[in-house]
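Hi,

Here is the structure I said I'd pass along.

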Amino acid sequence: MTTSPPPPTAPVKERTFALSRELFRYKPGLFAFNLLMWGLVHASPALLTLAVSGVFRHLEEADALKTGGQVLNPAIAAAWVSLAWFTFVRLSRFGIFYGAFRAWIELWYTLDALVRRNLLGYLLTARRSRRLPDTPAEAVSRFRDDVDDVAGYTEVWVDGAGFVAYSVIAVTLMARVDPLITGLVCAPLLLMIAFVQRLSPTIRTYRRRMREATARVTDFIGETFGAVSAVKLAAQEDRMVTHLRSLGETRRHAALRDVLLTELIRGVNTNMVNLAVGLVLLLGANKVRGRALNVDDFVLFIGLLPRLTASMGFFGDAIARHRRTGVSYDRMTRLLQDAPDTSIVAHHDVYLSADPPAPTPAPPHIPLQELRVQNLSATHPGGLGVHDISFTVARGEFIVITGRIGSGKSTLLRALLGLIPTQSGQTYWNGQPIDDPATFLVPPRSAYAAQIPNLFSDTLQENITSGGPATHLSRAVKLAVLEPDLDTLGSGLSTPVGARGVKLSGGQIQRAAVARMLARDADLLVFDDVSSALDARTEAQLWQGLAGTDATCLVVSHRRAALARADRILLLQNGTLTDHGTLPELLGRNEEMRALWHDDAAGGEEEGRPPSQLR
Amino acid sequence: MLATYLGPLKWQVMALAALLLSGTALNLSLPQLLRQFVDNARLGGAADPGLLTRLAGLYIALAVGVQVMTAGATYVGARVGWTATNRLRADLMDHLLSLDMREHKERTPGEMIERIDGDVTALSNFFSQFAVRVFGAALLLTGALIMFFREDWRVGLGVTAFTLVTLVTINRVRKLGVEPTRLERESSARLFGFIEERLTGLEDIRSLGAGGHHLNRFLGVQREYFTRSVNSWRGRSVVWQLSMLLFAVGYVAVLSAAVGLYAAGSITLGTAFLMYQYMTLVEEPIDQLTQQLQDLQKAGASIGRVSELLALRTTVTGGSAPLSAGPLALDFRDVSFTYAPGDPQARGVLSGVTFHLNAGQTLGLLGRTGSGKTTLTRLISRLYDATAGEITLGGVNITHVPLKELRRRVAVVTQDVQLFQASVRDNLSFFDPTVTDAQVEAALHEVGLGAWLSRLERGVHTPLPTGSLSAGQAQLLAFARVMLRDPSVIILDEPSSRLDPATEALLTAAMTRLLAGRTAIIIAHRLDTVARADRILVLGGGEVLEDGPRADLARDPHSHYAALLRAGTLDGTAAQGVLA
């Protein structure tokens, strides 16, 4: 592989900050508004407690006046003023919360959308080969859980600012009453942050295990339903459910560990507040007797402490969340492989309120004169692959690549097109070296039909045009011999094909994929063994139809229909190109070619079919 | 649903209840301690310092106790939740797998993930904690209200009225969130289904240069998800906002009452302080109830979707008539089929198909692409049921046979082989631990994958290397799957379609052994594949064009089969007329 996995030793901490900072900058106004609003939401309880404490202070003054036998009215009036202040703060907090909440939801889902768009956008459009490190189902959990983690991490900062403001106000208020008690109460709270910090690596491990176990479950569900007909035909539904149970059991254990650790941290947090209140009681006991600490001071301490501890717990949790976000970034990077870090958080419009503009037009058309492949090697991790392949295709030629199973035919095509990484070799288009085949060899230069093509749940027409113009649609449908199928489908081209095209037959999917490729009107047409789902006659019809165009064809096939039509044949054996030439040449001198040709006798195709067979 | 899934966990549920209740009781006693402390402290110099210290110590001890109870309750709750939801997931999967293929065509695997995992996870909290937490909160609330009544019956009455109004109002507005939440989950399933499909077809999209187009489509799907998510959050948040507003009113009222009553000389300063303290005691359980109502909303939407799935019934159900042992004769009597029975315009795929195949015989099924060959075989294994007519195996109508038994006895090798991201042995045995490694190895050797197997690092336990497996090798693996079973009827749907001729020879010997003594249907595009068949059936446009013993048809110069043989190819010019 040319793309090695990113070094995991990179300082994750640095990266999480740097990447998240880019996210915050995406909507700076909205982010700043969130900071302000949530700052107010979180800090206002300090004011509320102060107001309540004020009410009791004035009542206490009144109490003192009453004992002295004086008029209470001024003190009671002052208590009403404090109460009015309390009412005002409480009601404005409601209004602030309303705005803050809306702003947060908007920010959170916008960032969610951005990261998701960046991941998919990179996989769909970036240069070089893109292969998923895991199954698609598992990759989906990157788009779901990890994206949520990364976008949700913003909450740490939005809330964090408010909690800092609250803590500063609370500590100041408390210190004004009694600096010593305040100091003694706050010390254990700080210990908590250290405690959470220490546990961070463990949190990370547990969380990762839990995520992995979850991914295995979702992955398995996805695969099972992707292969649902095979499972049903084998009558193995029970086994699949049993396997799901055992995966679920593993996940349950991982989840419970995670819960236990989180609870431990939360427990320590909450106990700190109780310890602190207990301390206030203990230390205050003496002062109360000396009348140095009043009811309003109690109200202040007891009112401020829970939220102060909650803030400390929040800071501890924020550290843990920071680490988890690091894990999520790591996993996204693994998905994107060679992508620069910043591509996850790059700023792009996500079009949440308007339609996106038309995608970038196809690259300029450079009419093919000659395609040259030089010393191409591509091996799978298992050791299979193709080695040191060189050949040339001239404009208008019909080249067939043939060989046994596992001889590397498909690998050769996919390496050539840049769909899989190559170890060495270079491809030239009209003599110019192709820098990145994956983005260069696309329509209008080249188009490709895979051996097992994938369609998408949409109408047949949308699948065939894939966003391209419908100008070549009817020609493509005709050439791909898909026309007769249209009558049997309920609504012709507007028929929905179902998830992955399940509503079509295997042959129809293949023909639809060929039509999809032809609708792009490319110079070079690359076919990977379309014969697997087409009968020989349909395949012959396809080649015959293409002969009427000036297309250059590179075809993997073992059918006589293709071999007989070939201008040249490339013969692959165990991943190397052992011979090439015209069919008579190869049949004359190559034993392997004779074996392949002979075995296809019964299903073979005579050359020179009457044109009447073309529809 | 609760009873079904929590019933087996009753001891854990009871432990959970005990933990939560004792936690609540301790929680109620904390302010009592606090009051006692304040009362004592306000005695001034007369206060007993030893008592004050003991009270403070007791406070700390009880508070730690509350925390231990809460942590224990959360842990046990999570345990109950995970156990119950894992069971629900398994049951859902079991149920969904039993649905017929018509249902599966409507849903992407990504959507299935969202429905089996996403929805059930949303239910987790509901399962584990809802009932007990609501109960605990109600208890705490009642306790706090009694305190108010003890202080002043007017204030008690006022706070009770306030509590009732708050709970009723919140319960009303929470319904606002249910529908938006359902819509949100629906579009979330669509979004992740969309992503999953595109990731699966990544190469198709990239090689067509259609990345930009699909990204735009994605943005559209995501935009809908965004709008619905924001709406659903807004709908749900009305509950919190309302409770915030109501509590603002409540606190102001209680404090006003305290100041007013004090000014009127009805209460002492200590009582005023206590009234404020009790108000915080009312706030907590109402908050708790509100939060649980939130979960109830989410759970309600999820339960709706889960029940919707569980209510789906398969139209393909088995009977109880057993199949006799050994090879089975196969009969089709006037069988017709259409994929869209409700649509009179759709053309039937099969119409009036009748034929008989003796036990142990092999039938070669010929016909052009789209002539209904594959559909015909799908009816035998009952992936679909015939719209009209009757199919019997060994004289028993297949709809009377238990579905499991039918599918165990009928093995099918399809055109496209579906593999799992799992070890070679799990792929062949479908995760069946009773199949031995030796059996798997033997099956692989039999289909000619012995050399391939020997290259694998960990033998049959090697995870299937994705990507490096060619379509032909996958086809051979599918053969090995059938080798592992002992079916009475074998259906090979274009078994050689992905094999190059040289490799196909490997299979012929194994195939002969497999078909010996078994009833078989082979769909093929090559005449030599069916050269050993006992009978030939030619299908065209969903109807039987020809059916008879192969030898007889070969001799009859007017038969379609003979015409095909003369042309030397299934698709030769002479066959044009009969197969088009």
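Chain A has 19 helices and 10 strands, taken as DSSP runs numbered from the N terminus (H or I and at least four residues for helices, E and at least two for strands). Bear in mind that this is a predicted model, where local features need pLDDT of at least 70 and side-chain atom pairs count only at pLDDT 80 or more, while totals for chains, interfaces and linings use all residues. Residues are numbered from 1 along each chain as its sequence is written, with chains lettered from A and ligands numbered from 1 in the order in which they are written.

On overall shape, the C-alpha atoms of chain A fill a box of roughly 125 × 55 × 45 Å along the principal axes. Of the 615 residues in chain A, 53% are buried, meaning 20 or more other C-beta atoms, placed from the backbone, lie within 10 Å of a residue's own.

One helix pair to look at: α2(A) (residues 28-68) packs on α5(A) (residues 154-177) at about 25°, axes 7 Å apart (lines fitted to C-alpha atoms over the stretch in contact, angles from 0 to 180 degrees between N-to-C directions). So α2(A) and α5(A) are roughly parallel, the word for angles under 35 degrees.

Cheers

Terms used
Parallel < 35°, antiparallel > 145°, perpendicular 65-115°, else oblique. Buried ≥ 20, exposed ≤ 12 C-beta atoms within 10 Å, placed from the backbone.
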